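Please keep the sequence and the coordinates at hand while going through the remarks.

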Amino acid sequence: QRIGRVMWGESQDVQFLTGGKITGQDRFGMLSSLIKVVSSQYKFYIRSITIESEDGMFEVTLLLFVPSMAEADRLAEALRRVPGVFRVVRLEAGE
């Protein structure tokens, strides 16, 4: 019957799976611009990506791993600043 001291700290390895839907005006290099923000600027891992384009508009659905929901919110703001992006929304579970 030993009692030990336990220290709880924030682990950098903890990741959360979240999703988002991005819509906007389709243009050459748009997907590259979005991936650059996610992977290069924020260094988040993309689990899946679905792209649809019709009549000059695009819709991208992303599933990605993030360290926190606050970081996911910052990513959404950065994606909104990409030229041609009209809307970024977080997907709820099951969408």
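Predicted model: local features only at pLDDT ≥ 70, side-chain atom pairs only at ≥ 80, totals over all residues.

1. The overall plan of the protein chain comprises 2 helices and 4 strands. Along the sequence these elements follow the pattern β-α-β-β-α-β. Of the contacts with a separation of 6 or more, 70% are made by residues 24 or more positions apart. Buried residues account for 28% of the 95 residues. The accessible surface of the protein chain is about 7200 Å², and carbon and sulfur atoms hold 52% of that surface.

2. Which residues of H1 are buried? They are Met-30, Leu-34, Val-37 and Val-38. These residues cover an arc of only 85° around the axis, and therefore lie on the same side of H1. As a general rule, an α-helix has 3.6 residues a turn, so residues three or four places apart point the same way. The partners of the buried residues of H1 are strand E1 (16-25), strand E2 (45-54), strand E3 (57-66), helix H2 (69-80) and strand E4 (85-90).

3. Ile-49, for one, belongs to strand E2. Its relative accessibility is 33%, so Ile-49 counts as partly exposed.

4. Leaving aside residues up to four places away in sequence, Gly-20 touches Val-60, Thr-61, Leu-62, Val-89, Arg-90 and Leu-91. Although Gly-20 and Val-60 are 40 residues apart along the chain, their C-alpha atoms are separated by 8.1 Å. Thr-18 is likewise a residue of strand E1, and is buried with a relative accessible area of 10%. With the same exclusion of residues up to four places away, Thr-18 touches Leu-62, Leu-63, Leu-64, Val-66, Met-69, Ala-72 and Arg-90.

5. Backbone geometry calls for a remark at two loop positions. Most residues other than glycine have a negative phi. Where is Lys-43 placed? Lys-43 sits in the loop between H1 and E2, and its phi is positive, at about 60°. This residue is exposed, having a relative accessible area of 61%. Asp-55, which is not a glycine either, has a positive phi of about 50°. Asp-55 is found in the loop between E2 and E3, where it is exposed with a relative accessible area of 74%.

6. How many salt bridges does the structure hold? There are 4. In general, side chains of opposite charge can pair when their charged atoms come close. One of the bridges joins Glu-59 and Lys-21, with 3.9 Å between the closest N and O atoms. Since Glu-59 lies in strand E3 and Lys-21 in strand E1, this pair ties together parts that are 38 residues apart in sequence. Glu-59 is partly exposed, with a relative accessible area of 29%, and Lys-21 is also partly exposed, at 26% relative accessibility.

7. Glu-71 pairs with Arg-74, the closest N and O atoms being 2.5 Å apart. Both residues are in helix H2 and 3 residues apart, so about one helical turn separates them. Arg-90 and Asp-73 form another salt bridge, at 2.3 Å from N to O. Here Arg-90 belongs to strand E4 and Asp-73 to helix H2, so the pair ties together parts that are 17 residues apart in sequence. Arg-90 is partly exposed at 38% relative accessibility, and Asp-73 is partly exposed with a relative accessible area of 42%.

Methods
Residues numbered from 1 in each chain as written. Heavy atoms only, no water. Buried < 20%, exposed > 50% of the residue type's maximum accessible area, 1.4 Å probe, protein only. Contact = heavy atoms within 4.5 Å. Areas by Shrake-Rupley, 256 points an atom, 1.4 Å probe, with all protein chains shown as cover. Arc of directions from axis to C-beta. Salt bridge = Lys/Arg side-chain N within 4 Å of Asp/Glu carboxyl O.
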